Amino acid sequence: MTIANSIRTIGVIGAGQMGNGIAHVAALAGYDVLLNDLETDRIDGALDIIRHNMTRQVGRGMITHEAMEEALPRIKKTPKLGSFEAADIAIESVIEVEEFKRKIYADLRETLRPDALLATNTSSISITRLAATTDRPDKFIGVHFMNPVPLMKLVELIRGLATSQETYETSLTFVSSLGKTIANAEDFPAFIVNRVLIPMINEAVYTLYEGVGSVEAIDKAMRLGANHPMGPLELADFIGLDTCLSIMQVLNEGLADTKYRPCPLLVKYVEAGWLGQKTQRGFYDYRGETPMPTR
Ligand SMILES: NC(=O)c1ccc[n+]([C@@H]2O[C@H](COP(=O)([O-])OP(=O)(O)OC[C@H]3O[C@@H](n4cnc5c(N)ncnc54)[C@H](O)[C@@H]3O)[C@@H](O)[C@H]2O)c1
């Protein structure tokens, strides 16, 4: 079966911070979007966030008010994957837990058309291994957006062993049409950006754990000393500490080098449910007017 001639309808599974960003840029680029989540409230929340973020873009002159009003109705709340028949590409963006992703691919067997592409926004899990659990390894690809999706220019494209050239080219055209720039990455743990970025964040947590510096000192040092726009601990809170830990675990298991050992302090924060901005507490506490360091 060949690939859908052209992509018009995008299915997004997972309406979290990445899923809502993907829906946002796809709708602005003129695509119809089916937005799914396990929890219906999450879809409603995502629609509110998208409206809020687009309103900010209008305020900054990045998009017109008309573009926003045209884009918003293109995003359809889709609580059931059974409604994904219309999708020409489904982009899975649920939490970084392999068995959850596999379960979704199994559920999609029932509804996703045979000519539709299946993409994952995974930050680190093997595309080849995920593809092998689907009914379409040749039409499966890693499309790794950066956070926040509406602002970040880059998307990594990762081909699994079985990904066809046609799937790659169709994905390339689709992602380019969203105004994004592509970096090709090979299918090795965490690809390019996170292979470099997340061990740096893990090292910053070790620096805190060993008492080399406070949360504020570490972030200030990297902002002003290395010219990073955000310190590594505020960036970790922004990404989500659970996501950072999952990526370190994938690197640790996949490359079996002790330099990828997750910092016990990162594990502790995740065990506490202090996952960063999304839960209001991480290395900073976001419940007040200004973020306050939690150590
Ligand atoms: N946070 C980042 O900076 C970042 C950047 C690039 C890629 N990613 C990747 O994107 C994916 C999503 O990350 P996120 O930060 O948006 O997470 P998130 O926790 O903000 O959102 C995940 C969403 O998935 C939903 N979900 C869970 N199981 C589901 C299921 N079975 N069906 C439908 N929805 C389900 C949850 O309810 C939640 O709304 C992960 O694979 C992550 O590694 C994250």
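Visitor: How many residues of domain 1 are in contact with residues of domain 2?

Guide: Six residues of domain 1 are in contact with seven of domain 2. Contact means that the C-beta atoms, placed from the backbone, lie within 7 Å. One note before we go on. This is a predicted model: local features need pLDDT of at least 70, side-chain atom pairs count only at pLDDT 80 or more, and totals for chains, interfaces and linings use all residues. Residues are numbered from 1 along each chain as its sequence is written.

Visitor: Where do the two domains run, and what separates their centres?

Guide: Domain 1 spans 9–185 and domain 2 spans 194–293. These bounds come from an automatic or database domain assignment. Their centres, taken over C-alpha atoms, are 26 Å apart.

Visitor: How do you know that the radius of gyration of the protein chain agrees with a compact globule?

Guide: The rule is 2.2 Å times the number of residues to the power 0.38, with the radius taken over C-alpha atoms. For 295 residues a compact globule would come near 19 Å; the protein chain has 19 Å, so the two agree.

Visitor: How do you know that the span of helix H2 agrees with its number of residues?

Guide: Helices here are DSSP runs (H or I) of at least four residues, numbered from the N terminus. The expected span is 1.5 Å times one less than the number of residues. H2 has 20 residues, 40–59, and should span 28 Å; its end C-alpha atoms are 29 Å apart, which agrees.

Visitor: Which residues of H2 are buried?

Guide: Ile43, Ala46, Ile50 and Met54 are. They cover an arc of only 65° around the axis, which puts them on the same side of H2. That arc is of the directions from the helix axis to the C-beta atoms. A residue is buried if 20 or more other C-beta atoms lie within 10 Å of its own, exposed if 12 or fewer, and partly exposed in between.

Visitor: Which residues are exposed on the other side of H2?

Guide: Asp41, Asp48, His52, Arg56 and Gly59 are exposed there.

Visitor: What do the buried residues of H2 pack against?

Guide: Their partners include helix H1 (17–28) and helix H3 (65–71).

Visitor: How do you know that the span of H10 agrees too?

Guide: H10 has 15 residues, 241–255, and should span 21 Å; its end C-alpha atoms are 21 Å apart, so it agrees. Its buried residues include Leu241, Cys244 and Ile247. Helix H7 (193–209) is among the elements that cover the buried residues of H10.

Key. Helices (H or I, at least four residues) and strands (E, at least two) are DSSP runs, numbered from the N terminus. Two residues are in contact if their C-beta atoms, placed from the backbone, lie within 7 Å.
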